[in-house]
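Here is a short report on one protein model. Look at the structure first, then read on.

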Amino acid sequence: MAGMPAHADLTAISLPDALTADIERAGYYPALVGDVVKAAVGTEEVHGHLVHQETTFDQDTVRRHITVFARTATRLVVAHADDYPDHFSGAQEIATATTECIPLSSVRGVMLTHVVGDPSRYVPGSLGRELTLTIGWGAVSRVDLLPALCNDPDCDGGDHGYEGTIASDDIALRISAEAEGRVALDRAIEFARDLSASIGH
């Protein structure tokens, strides 16, 4: 992948039809989102992708956000866009779109948390109704500490310090079959499987 000058013609770069269709289907400023993904991907071929549009509520305002993952042969490209009011003009919205490119060799983990309702009636192969996809590459680390426990029954309760875990979770997306459809859930699982198979080489 070669770097592009700032004035490069993005029309000379094409994304896979399926990725373009998913961006357009999300309906969140598709021309802008498509261009920022193109600018980050450059001339590399996209081998896998996931588009996730999310709606949040900020007091009395409904806000939409979009996150796009695009996997090339060497990198994971993450693009995120959202909007907010222009407090200076008060008459329009401002959109921000951020991209980050992570070498696949730096992706430390891909984690899927499945949510299964009524597990006693679980249908094999269904993998539940909701999942959280978490991808870590070391930019953000979380430390969970708890007081250390003592296994000595004769211990009088002295201070045993703390024990904990360090987790890398740079980005986490929640995908629900009830809110976004079973197809969206299946696509997230497929992307996670593809990305997992591409890292650690």
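## The cores

The largest nonpolar core has 22 residues. Those with the most contacts inside it are Phe69, Leu76, Leu133, Ile135 and Phe191. A nonpolar core is a set of buried Ala, Val, Leu, Ile, Met, Phe, Trp, Tyr and Cys residues joined through side-chain atoms within 4.5 Å. Buried means under 20% relative accessible area, exposed means over 50%, and partly exposed lies in between (1.4 Å probe, protein chains only).

Strands β3, β6 (130-136) and β9 (171-176) and helix α4 each supply at least two residues of this core. Helix α4 gives the most, with six residues. Another core lies apart from it and has 18 residues, including Leu15, Val33, Val36 and Ala81. Helices (H or I, at least four residues) and strands (E, at least two) are DSSP runs, numbered from the N terminus.

## About the model

This is a predicted model: local features need pLDDT of at least 70, side-chain atom pairs count only at pLDDT 80 or more, and totals for chains, interfaces and linings use all residues. Residues are numbered from 1 along each chain as its sequence is written, and side-chain values use heavy atoms, leaving out hydrogens and water.

## Aromatic pairs

The structure holds two aromatic pairs. Tyr28 and Tyr29 form an edge-to-face pair, 4.9 Å centre to centre with 70 degrees between the planes. Rings of Phe, Tyr and Trp (its six-membered ring) pair if their centres lie within 6.5 Å; planes under 30 degrees apart count as stacked, over 60 as edge-to-face and the rest as tilted. Tyr28 is buried, because its relative accessible area is 0%. Tyr29 has 35% relative accessibility, so it counts as partly exposed.

Phe69 and Phe191 form a stacked pair, 5.5 Å centre to centre with 5 degrees between the planes. This pair links distant parts of the chain: Phe69 is in strand β2 (residues 61-71) and Phe191 is in helix α4 (residues 182-198), 122 residues apart. Both Phe69 and Phe191 are buried.

## Strands β3 and β4

Strand β3 (residues 75-85) is largely enclosed by the rest of the structure, because eight of its eleven residues are buried. It pairs with strand β4 (residues 93-103) in the antiparallel sense over eleven bridges. Two strands pair if DSSP finds at least two bridges between them. Ala79 stands opposite Thr99 in β4.

## Val51

Val51 lies in strand β1 (residues 48-58). Its relative accessibility is 19%, so Val51 counts as buried.
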